[in-house]
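Visitor: I'm new to this one. Can you put it on screen and take me through some of its parts?

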Amino acid sequence: MEQVFGRPKALSEKRLHYCPGCTHGIIHRLVAEAIDDLGIQDKTIGVAPVGCAVLAYDYFNLDFQQAAHGRAPAVATGIKRVLPDRFVFTYQGDGDLASIGMAEIVHAAARGEKITVIFINNAIYGMTGGQMAPTSLPGQKTTTSPYGRDINTVGYPIRVAEMLTTLDGPAYISRVSVHDPKHINKAKEAIRKAFEVQIQGLGFSLVEVLSTCPTNWGLSPREALKWLEENMIPYYPLGVFKSPEEVSKVGA
Amino acid sequence: MAERVMMKGNEAVAEGAIRAGCRYFFGYPITPQNEVPEYMSRRLPKIGGVFIQAESEVSAINMVYGAGGAGGRAMTSSSSPGISLKQEGISYIATAEVPCVIVNMARGGPGLGGLTPSQSDYFQAVKGGGHGDYHLIVLAPWSVQEMVDLVGLAFDLADKYRNPAMILGDAILGQMMEPVTFKSEPIDPKDLPAKPWATVGLSGERKPNLINSLGLLPEHLESINLRLQEKYKKIAENEVRFEGTDVDDADLVVVAYGTTSRVAKSAIDQARKDGKKVGLFRPITLWPFPTKQIQELAAAGKRFLVVEMSAGQMVEDVRLAVNGEASVEFFGKLNGAIPTVEEVYREIMSRF
Amino acid sequence: MELDAIFAGFGGQGVMLMGQLIAYGGMHAGLNVSWFPSYGPEMRGGTANCSVVLSDGVVGSPVVARPQVLVAMNKPSLEKFEAKVKPGGFIFYNASLIDTKPTRTDVYVVPVHANEIAAELGNDKVGNMVMLGAILAATEILSVDDIMVSLKKILPERRHHLLPLNEQAIRRGMEVVTAM
Ligand SMILES: Cc1ncc(C[n+]2csc(CCOP(=O)(O)OP(=O)(O)O)c2C)c(N)n1
Ligand code: SF4
């Protein structure tokens, strides 16, 4: 799946620390490629989460701020309000965004904050060693749902893209996956579109990316891709949930 | 004697809590304490208890507020950044006088910091931590065995004084394994004394109970504060715990708690072999602090060396206790590494 | 009596278990013991290590800075900890994976071809037990029985059929030392 052509300018030379087969790395590349394509490297500020992507600031050739766990959308709001002509994105995991940071993401979306959110849904807490996430599937075994996620006691997974779509603030919301080359291309398109929405000042944009965590799922990289396709996509349907017609096809 | 079993500190504090009758645990993952919620998620559902992974530490501590207010033995655990998030809730809990236990397996800060052990949350733990004039009862175990013993004590003291209690550990105490003995029979929560103040529903028999921290009228707020201060005085008089080793004939007393006191103990043993008169004073309650005992040692002409994994926090309480009557020096580590036995030994030897 | 040891290697080489077995064995022998692992994302890099202390007194620091016994299952581990071993101590290294000998001359150096011996025994996973055997024979701190009792406790019931193989591996490791 490694793309053969060169490293995007917006990506640094640092070696990624992600586990073998983890798709965080692919998604980093897609974000960097979108930034390159749109020619906005000099005007983009990233906000890193707390999660496995906590070191995202090392991997992008961009100005970055590191936020407290879950607070990236609030930090991004602060940056964007000071620098309305710059482009600001957050990169957040499902624990970061949909658990501890649920208030921040909902309110940034509701305000129509003109930021872009790259939301990595891997159905688990990677960094802390495989605890249940708000997006863990019913029956999924994790270190804090050792008997499988029991919907009677811990409830149901949260479909973030659909939930935020109920708000009027967001301009663009979609869900993509990176489990095979075809879907990776679609994911890249979606990420690029999300940035375009911001460039055109149309409002809040979010791309939910279904991602793997072979380490904490206890699967090989190949099995993990298959597990994502067979278990996550049925629960988290792919597609565009909200999109402004005005977004032009070609970048700025 | 009961059997010795090997346990991680994190698991021991969880099992100790369960044996103390804790059936309600609310937490949020954070390294290096993840084994606490993981253990609770395995055990509590099997014994009629409740484990909830809250959406955040803010939520977890407020679940504890509710569960403790409803009369249950409730606990939460976290590590430094998560404990910071709990401070609002802890301030409310202390003011509303809801018993509960909070475990902090501290890691290096400030900010997001790192995952290495640290004692830099001392101020936060013993001086209140959130807004307002309040105190937690703070217990500092130095071994996996004390994780078990002190978490039981924490629940008892919390109930006795209707006050939140904290176990202040660190990454090492949470991650290490040692043999532990469960000395007493597990407590069945049904056998615990009734809590007539709890909000459990009127059953038509009494005036409504209220768990509250609001005091809008100045006189009312003052009376709440006076009551709390009165209680803190009583706790300070009755609940100080500490351990002194080789202190009586010592010229130099090393003051240290938790992990650091173990390192100090090894260094002191070495220095004793070299004929140096040095002893260890180990506070077990960090609040209430053994102020009087340290005062007495100062009055007996001893000098002090305080060793901490911080820039110097407990040393301030030692200085307050000594009140200028003896020299109090400090050796601290900031870089996330713990002081080594050799380092502390050198610090001791350089003072003779 | 006090023993400070560091066990280090790749994740998957069973270094944590080796350390735990020594600690459990020490407990079984009536000693005070502690075991302290590397933890958290530092494990993701693939290297793991643990500190073990056995003592007939109170165990002081559970984090071993200057071990008497170093067990290095791979090269990075030997490079990291070799200089820290106390003079007069032991370095056990996995000669199957480490081609450069330790340079220290003030310690006992014990090469163990753990992987080859494990392969001869028909199970690649017991390299750590071979190593453990060498440690038992060289240091005489614990008996095979102390370790086997502990292993029985740690190993889940369904894997108890592996106990004889593990004991065999320990004994083969002991022979490495007695043949030296
Ligand atoms: C206040 C606070 N609570 C908890 C943590 C511990 N923590 C670090 S990352 C993380 C969650 C990681 O999961 P996710 O956001 O899904 O990202 P992933 O690691 O899976 O990419 C948690 C709970 C923290 N750093 N700060
Ligand atoms: S723990 Fe999971 S999410 Fe984190 S780097 Fe490894 S595979 Fe990726």
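Guide: This is a predicted model. A place to begin is chain B, where the axes of helix H3 (residues 57-69) and helix H4 (residues 80-96) come within 8 Å and cross at roughly 25°.

Visitor: Are H3(B) and H4(B) parallel or antiparallel, then?

Guide: Angles under 35 degrees count as roughly parallel, so H3(B) and H4(B) are roughly parallel to each other. The crossing in which H3(B) passes H4(B) is right-handed.

Visitor: Which residues make the contact between H3(B) and H4(B)?

Guide: From H3(B) there are Glu57(B), Val58(B), Ala60(B), Ile61(B), Asn62(B), Val64(B) and Tyr65(B). H4(B) brings Gly82(B), Leu85(B), Lys86(B), Gly89(B), Ile90(B), Tyr92(B), Ile93(B) and Ala96(B). By class, the contact of H3(B) with H4(B) has 10 nonpolar, 3 polar and 2 charged residues.

Visitor: What about H10(B) and H11(B), at what angle do they pack?

Guide: Helix H10 (residues 291-299) and helix H11 (residues 314-322) of chain B pack at about 60°, with axes 8 Å apart. That angle makes H10(B) oblique to H11(B). Their crossing is right-handed.

Visitor: And who touches whom there?

Guide: Thr291(B), Ile294(B), Gln295(B) and Ala298(B) of H10(B) make the contact with Val318(B), Ala321(B) and Val322(B) of H11(B). The classes there are 5 nonpolar, 2 polar and no charged residues.

Visitor: Change of topic: loops. Where is Pro32(B)?

Guide: Pro32(B) sits in the loop between strand S2 (24-27) and helix H2 (35-43) of chain B. The peptide bond joining Thr31(B) and Pro32(B) is cis, with omega about 10°.

Visitor: What is the peptide bond from Gly109(B) to Pro110(B), cis or trans?

Guide: The bond from Gly109(B) to Pro110(B) is cis, and its omega is near -5°. Pro110(B) is in the loop between strand S5 (100-106) and helix H5 (122-126) of chain B.

Visitor: Is phi of Asp246(B) positive or negative?

Guide: Phi of Asp246(B) is positive, near 55°, in a residue other than glycine. Asp246(B) belongs to the loop between strand S9 (242-245) and strand S10 (252-255) of chain B.

Visitor: Over to chain C. How do H5(C) and H6(C) pack?

Guide: Helix H5 (residues 144-154) and helix H6 (residues 163-178) of chain C pack at an angle of about 150°, and their axes are 11 Å apart. Angles over 145 degrees count as roughly antiparallel, so that is how H5(C) and H6(C) lie to each other. H5(C) passes H6(C) in a right-handed crossing.

Visitor: Which residues meet there?

Guide: On the H5(C) side they are Val144(C), Ile147(C), Met148(C), Leu151(C) and Lys152(C). They meet Leu163(C), Asn166(C), Glu167(C), Ile170(C), Arg171(C) and Met174(C) in H6(C). The contact of H5(C) with H6(C) has 7 nonpolar, 1 polar and 3 charged residues.

Visitor: What else is Met174(C) in contact with?

Guide: Met174(C) is in helix H6 of chain C. Apart from neighbours within four places in sequence, Met174(C) is in contact with Gly133(C), Ala134(C), Leu136(C), Ala137(C) and Val144(C). Ser34(C) is 140 residues away from Met174(C) along the chain, and their C-alpha atoms are separated by 24 Å.

Visitor: How many residues does the contact take from chain B and from chain C?

Guide: Chain B gives 25 residues and chain C gives 24 residues. The area buried between the two chains is about 1800 Å², with carbon and sulfur atoms giving 68% of that. In chain B, Arg4(B), Met6(B) and Met177(B) lose the most area to chain C, together 32% of what that side buries.

Visitor: How many salt bridges are there across the interface of chain B and chain C?

Guide: The rule finds 2 salt bridges across that interface. Lys153(C) forms a salt bridge with Glu3(B), and their closest N and O atoms are 3.9 Å apart.

Visitor: And over all chains?

Guide: The structure holds 43 salt bridges over all chains. One of them joins Lys188(A) and Glu33(A), with the closest N and O atoms 3.4 Å apart. Lys188(A) lies in helix H8 (residues 181-199) and Glu33(A) in helix H1 (residues 24-38) of chain A, so the pair ties together parts that are 155 residues apart in sequence.

Conventions
Residues numbered from 1 in each chain as written. Chains lettered and ligands numbered in written order. Predicted model: local features only at pLDDT ≥ 70, side-chain atom pairs only at ≥ 80, totals over all residues. Heavy atoms only, no water. Axes fitted to C-alpha atoms, helices over the stretch in contact; angles between N-to-C directions. Helix = DSSP H or I, 4+ residues; strand = E, 2+ residues; numbered from the N terminus. Parallel < 35°, antiparallel > 145°, perpendicular 65-115°, else oblique. Left-handed = near helix turned anticlockwise from the far one by under 90°. Contact = heavy atoms within 4.5 Å. Nonpolar A, V, L, I, M, F, W, Y, C, P; charged D, E, K, R; others polar. Buried area = accessible area lost by both parts, 1.4 Å probe. Salt bridge = Lys/Arg side-chain N within 4 Å of Asp/Glu carboxyl O.
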